[in-house]
Amino acid sequence: MSFLEIASLSKNYGPVAAVTGIDLAVASGSRTAIVGPSGCGKTTLLRLIAGFEAPDGGRITLDGKLLANGGTSVPAHLRGIGLVAQDGALFPHLTIAGNIGFGLDRKEPRRDERIAELAYIVGLDKSILSRRPHQLSGGQQQRVALARAMAMKPRLMLLDEPFSALDTGLRASMRKAVAEMLESAGITTILVTHDQTEALSFADQVAVMREGRFSQIGTPRDLYLRPKDRMIAEFLGDAIVLSAKIANGYAESTLGRIAVDGREPRDIARIMLRPEQVLLAAASRNELAAAQPGVLFGEVTESEFGGASCAVAIKLLNTPDPPEAAAIGSTPLVLKKPGVDAPSVGDIVRISVVGKAHVFS
Ligand SMILES: Nc1ncnc2c1ncn2[C@@H]1O[C@H](COP(=O)(O)OP(=O)(O)OP(=O)(O)O)[C@@H](O)[C@H]1O
């Protein structure tokens, strides 16, 4: 049995089915990320696990102990679960030190030391410990909430978008620091996030949620490279989706002959490539005129500078599959390339594909 087991969990708010028949198994000491569009039920699921909401149906078991089963529910304060809410939910009348140390024993001789240590771990300066929450930025408040939850040494930590108020650089370093801190304390964690990169880099297991249900659960690599459908593919990153004919482990498509991850022959299939699988090399019109069969060329129609990642749109100039070319001609291939050597509008490029394409079932 897994550390956390959720079976057929449901919660309705009047006519709104916020969570519908969720099953989830979480291994001890692991990190799970839940991603999904706004309103799909992520926060409700965390609140059900934490015990702030009672489910209408289903079961939650933690470390072999039943926490919720139909009508019966263990109260939140007896679950040993930490929840860091989206807005931090700090106590406004307490100082930052008071907030962080809220759950610590007042008679504990090392209490102040422990508070300072927790503040240090989440990257907060000691000088803010005497302030009140309203005197902190949103990002600082989120870190206080995290330190307060850590102080309780929970068996399971639930993080609801805990890095959303931080800017990009700080967000990545906090994510890494928090992951290390949770790992060294052996705390099992579930993170809810809107940010795909955050989910893919933080977790051992990712669950994609849609309309109250999980549409796919797997390792970050599995979900990124082998998503079940186009929506999941596009939720986790940019995707190039093409029609293709599959035979002998290869797809015949607009982008030529590409190895695929399935061997089942299909006359009409949809395949997916991640844009970073498509490589561009500078070429000329002479090379295009003398192109060997199967060698693909394109012309850059748009190039939008974005620093490390520039959007480059390409119109295919020759294709092994003319009817598809017409289709892709109207929607150009869009790739992200580093700004330092992104091609310019009008450039001719040779196109090649690395790795395998994924075949949607
Ligand atoms: N207390 C409540 N009363 C009524 N409806 C609610 C309540 N809490 C949530 N809902 C509804 O349940 C659905 C799921 O909400 P939830 O907050 O769980 O989504 P979410 O995926 O966390 O969204 P976001 O990413 O925007 O935070 C939404 O339709 C929401 O409006």
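Predicted model: local features only at pLDDT ≥ 70, side-chain atom pairs only at ≥ 80, totals over all residues.
**Overall make-up**

The protein chain has 361 residues, of which 37% count as buried. Its secondary structure consists of 10 helices and 21 strands. Along the principal axes, the C-alpha atoms occupy a box of roughly 85 × 45 × 35 Å.

The chain is divided into domain 1, covering residues 4-234, and domain 2, covering residues 238-359. A distance of 40 Å separates the C-alpha centres of domain 1 and domain 2. Where the domains touch, 5 residues of domain 1 are in contact with 5 residues of domain 2. On the domain 1 side, helix 8 (residues 230-235) gives the most, with 3 residues. The residues on this side of domain 1 divide into 2 nonpolar and 3 charged, with no polar ones.

**Hairpins of strands 4, 5 and 6**

Strand 5 (residues 65-69) pairs with strand 4 (residues 57-62) in the antiparallel sense. Strand 5 is also joined to strand 6 (residues 72-73), again with the strands running antiparallel. In the hairpin of strand 4 and strand 5, 2 residues lie between the strands, and Asp63 takes a positive phi near 50°. The bridge partner of Leu62 is Lys65 in strand 5. Strand 5 and strand 6 likewise form a hairpin with 2 residues between them, and in this turn Gly70 has a positive phi of about 60°. Here Asn69 stands opposite Thr72 in strand 6.

In another part of the chain, 5 strands form an open sheet with antiparallel pairing, in the order 14-13-12-15-21. Its edge strands are strand 14 (256-259) and strand 21 (358-359), each of which pairs on one side only. Strand 13 (residues 250-253) runs antiparallel to strand 14. Within this pair, Ala251 stands opposite Ile258 in strand 14. As a general point, side chains in a regular strand alternate between the two faces of the sheet.

**Strand pairs described above**

The table sets out the bridges for each pair.

| Strand pair | Sense | Bridges |
|---|---|---|
| Strand 4 and strand 5 | antiparallel | 4 bridges |
| Strand 5 and strand 6 | antiparallel | 2 bridges |
| Strand 13 and strand 14 | antiparallel | 4 bridges |

Definitions and conventions:
Residues numbered from 1 in each chain as written. Buried ≥ 20, exposed ≤ 12 C-beta atoms within 10 Å, placed from the backbone. Pairing = 2+ DSSP bridges. Domains from an automatic or database assignment. Contact = placed C-beta atoms within 7 Å. Nonpolar A, V, L, I, M, F, W, Y, C, P; charged D, E, K, R; others polar.
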